[in-house]
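Visitor: I have a structure open and would like to go through it with you. Shall we begin with a pair of strands?

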Amino acid sequence: MSKRILTVDDSASMRQMVLFTLQGAGYEVVQACDGVEALEWARQSAVDLVLTDVHMPRMDGITLVRELRGLLNYKFVPMLILTTESSPERKMDGKRAGATGWIVKPFNPPQLIATVARVL
Amino acid sequence: MTLDLEMAEIAKVFFQESREGLDVMESGLLSLGAAADSENINTIFRAAHSIKGGSATFGFAEVAGFTHGVETLLDEMRNGVRPVTAEAIQTLLQACDCLREMIAATEAEQPLDQVRIASLNGDIKHILGEASEAPAPVSAPALAAANEAADAGTAGEPGGWRVRFEPVADLLRLRNEPTRMFAELRRLGAMVAHADASRLPPLDALDPESCYLSWDIDITGQIPRGKLDEIFDWVDSGCRLEFTPTGRSAPAAPAPGAKASAQPQAAAIDAWSAETKAVSPTEAKAAASADADRGAPAGAAVQKASGDSGSIRVATEKVDNIINLVGELLITQSMLSSFADGIDPNDLDRLRQGLSQLARNTRELQESVMQIRMLPISFAFNRFPRIVHDLSRKLAKKVELKLSGEGTELDKTVLEKITDPLVHLVRNALDHGLEIPERRVAAGKRETGTLELAAFHEGGNIIIEVRDDGAGLNKAKILQKARERALVAPDQELTDEQIDNLIFMPGFSTAEQISDVSGRGVGMDVVRRNINDLGGHVQISSKEGLGSTIRIRLPLTLAILDGQLVRVGKEIYVISLLAIVETIQVARERLNTLVGRTEVFRLRDEYLPVVKLCDQFGVEPDSRSAEDGLLVVLEADGKRVGVLVDDLLAQQQVVIKSLESNFKSVAGIAGATILGDGTVALIIDAPGLISSAAEQGVGAAAAHAA
């Protein structure tokens with residue numbers, strides 16, 4: 001069975017790009033456009049990986065990761081933050097919130113697939 | 001794999017999204033002036049951030065590089081490091097304009113305006129307190145070389161590494177599986193891992209979610225240090241991580257713990273700011289200042305996108321097609337209605353019932369289909385905050401813009417065509433209406449002027465009002481000017497309202513100094529003509545010292561018309577109810593024939609040119625004698641004519657069919673419609689008819705009055 005990935009981004013073009021790339025690599029993809037929507041969905045469903053942008057309206061990616069880690073069925077789910085911030089502090093924020101790792105934008109499809117493959 | 005093609009498709013989404021993002025940034029920046037609330041700055045920042053991320057992802061390095069500066073500035077503002085000054089807002093607004101152009105150029109694959117970009121980049125750097133010189137250009141080959149050096153470690157890498165890895169206890173909780181890291185290491189070379197279980201507690205004290213193990217890993221192979229860093233990147237913090245080169249001597253072994261400085265991704269980000277070409281900031285500024293001064297947001301191609309809220313994009317053509325079909329349906333329905341008039345009385349009731357239902361259904365269907373074309377007027381209103389902001393700065397006036405009724409919907413075509421006249425009216429109000437702060441204070445008014453744009457429905461029409469609390473129109477001056485230009489007869493008495501509306505006459509301008517803001521008096525008559533072309537009407541009312549109100553009345557749609565059917569001989573014509581003032585019986589003693597063939601009719605104190613439709617269109621009327629007919633008084637552009645017809649018939653809504661596309665354009669005819677009995681009726685072009693009649697008639701009427 002193919003692995004299911006939840007991707008969260010407020011930008012439609014990024015969502016499409018991620019969707020296209022991951023589906024092309026054989027993953028099943030679920031999308032949300034901000035943290036609130038993602039969290040709502042996650043409360044009732046399980047995934048194998050969460051891939052989230054940081055800056056989003058309503059709920060940012062760091063908060064989302066923290067909230068998700070609090071859910072029983074997301075305790076051990078790998079979570080990657082997807083961000084242009086390459087600064088160490090931002091990465092540490094993500095880490096402290098419970099993120100497994102990060103992907104620094106800009107990335108190309110092969111980079112995304114390679115990074116996802118590291119945790120799936 | 002159709003990766004490139006697919007990416008190009010997704011890039012289109014990015015362009016559209018970026019334009020929406022820029023709109024968000026612009027309106028956010030404009031409201032930032034009033035109150036610098038953090039949520040607003042956050043929103044602006046997010047929009048910039050998305051544009052940067054997207055443009056970098058899709059390979060538009062120059063857009064990404066430029067946005068990087070904008071984002072940095074916004075980030076500092078958002079963190080309270082950098083004050084939100086008017087100067088910074090102005091620069092950011094110009095940056096939005098510039099980005100819009102960059103995105104349009106990128107999409108059209110046109111070259112970018114490097115001079116302007118460099119100049120604005122310099123401005124942003126200046127605010128950021130950085131050296132205003134453009135960053136030393138890093139050539140792409142140099143960058144690639146640097147990456148390569150870091151990647152491949154050509155300086156002579158060791159024959160292997162010993163890695164000491166003591167992870168933090170919550171390693172597993174964050175799903176950083178050591179086994180996965182080992183698997184990756186194994187791909188780099190032969191690997192042996194020795195687990196160190198010395199920290200493992202007794203079983204009853206063991207937390208199954210914690211990691212107690214640490215490892216010594218020996219890996220052999222010519223492996224660049226950067227590769228190892230990449231693998232351990234996510235677990236770097238808090239863990240004890242040591243890399244010791246083994247095997248052959250390592251000439252350039254980095255110190256343990258140091259990170260490879262040039263990871264490809266980090267380098268790419270640095271490259272963003274370097275990508276913009278170096279242009280001397282001073283000469284760039286000179287060249288760009290002219291550009292920056294253009295008031296309106298650049299890029300006519302900027303298409304306002306409908307919001308995300310459950311809206312759809314429909315090709316206008318498709319919608320027009322549906323509207324046409326529904327029009328046909330309406331015709332069928334009215335055909336059946338007229339057919340019912342001559343049917344067996346016993347069946348009549350049921351037939352009538354059915355027909356009324358059909359009428360209701362078609363009506364509802366039509367209304368809902370028409371709704372597809374309807375857009376909220378906010379699409380036109382949204383541009384005004386920026387225009388008012390830029391213009392009030394330029395004119396050194398303080399202006400508060402109030403918008404109301406933004407959700408009022410009107411036909412897309414009407415909306416598109418009303419935008420330019422509205423812009424003109426707003427610029428006029430700012431330039432000529434509102435006073436400079438000192439004069440306002442002197443007049444006992446609030447320093448800040450108010451400009452209001454309001455839209456609302458009124459009896460099947462939409463009303464748009466542009467209100468200002470400025471100086472109002474100078475009636476004496478207007479009248480004087482109108483007399484000078486012989487627009488008004490010397491002894492003619494005019495009401496205040498009539499005087500005000502003289503400003504819509506061609507070639508009228510009262511501005512003491514012609515400014516580049518609102519033109520040279522070619523404006524208001526054009527505004528009125530544009531509005532009339534839409535089947536609308538504009539008028540101004542003004543109180544000296546208190547301000548002016550311009551009121552625009554527009555039909556909700558151009559596809560349907562509330563019509564009065566009139567008969568001339570055997571022909572039936574349709575006249576828009578909006579144009580009809582009144583209908584009167586003709587009394588012979590009030591009818592005068594003037595020099596030539598022009599007839600005028602005295603209606604109260606006014607002489608109206610009489611237009612005989614029978615002569616105009618060459619039809620045989622019931623009677624040649626005028627008093628047997630009816631005179632329909634039409635008004636447009638403040639001028640009136642009497643149109644002579646044989647009879648008035650029903651009033652009904654008619655579906656307008658273009659005569660031009662089905663036949664050809666005919667003077668005096670605005671279009672055609674199909675009546676219930678299937679015959680074609682022509683729709684009278686009231687403004688056209690009036691202006692051509694008035695040209696012949698006004699002189700005649702004036703001659704008669706004198």
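Guide: This is a predicted model. In chain B, strands β18 (residues 630-636) and β19 (residues 639-645) run antiparallel and are joined by 7 bridges.

Visitor: Which residue stands opposite Lys639(B)?

Guide: Ala636(B) stands opposite Lys639(B), which lies in β19(B).

Visitor: And how many strands form the sheet in chain B?

Guide: The open sheet has 6 strands, in the order β14-β18-β19-β17-β16-β15, and their pairing is mixed. At its edges are β14 (580-585) and β15 (591-593) of chain B, each of which pairs on one side only. Direction ignored, neighbouring strands of this sheet are turned by 35 degrees against each other on average.

Visitor: Changing topic: how many residues does each chain give to the contact?

Guide: Chain B gives 25 residues and chain A gives 28 residues. On the side of chain B that touches chain A, α1 (3-32), α2 (38-57), α7 (178-188) and α9 (264-275) each supply at least two residues. The most come from α2(B), with 8 residues. By class, this side of chain B has 10 nonpolar, 8 polar and 7 charged residues.

Visitor: What ipTM does the predictor give the complex?

Guide: The ipTM is 0.80, and the pTM is 0.55. Chain B averages a pLDDT of 77, with 80% of the residues scoring at least 70.

Visitor: Where does pLDDT stay under 50 in chain B?

Guide: One such stretch is residues 131-156 of chain B, for which the model has 41 contacts beyond four places in sequence. Another is residues 518-522 of chain B, with 10 such contacts. Where pLDDT is low, the predicted coordinates should not be read in detail.

Conventions
Residues numbered from 1 in each chain as written. Chains lettered and ligands numbered in written order. Predicted model: local features only at pLDDT ≥ 70, side-chain atom pairs only at ≥ 80, totals over all residues. Pairing = 2+ DSSP bridges. Helix = DSSP H or I, 4+ residues; strand = E, 2+ residues; numbered from the N terminus. Axes fitted to C-alpha atoms, helices over the stretch in contact; angles between N-to-C directions. pLDDT = per-residue confidence, 0-100. Contact = placed C-beta atoms within 7 Å. Nonpolar A, V, L, I, M, F, W, Y, C, P; charged D, E, K, R; others polar.
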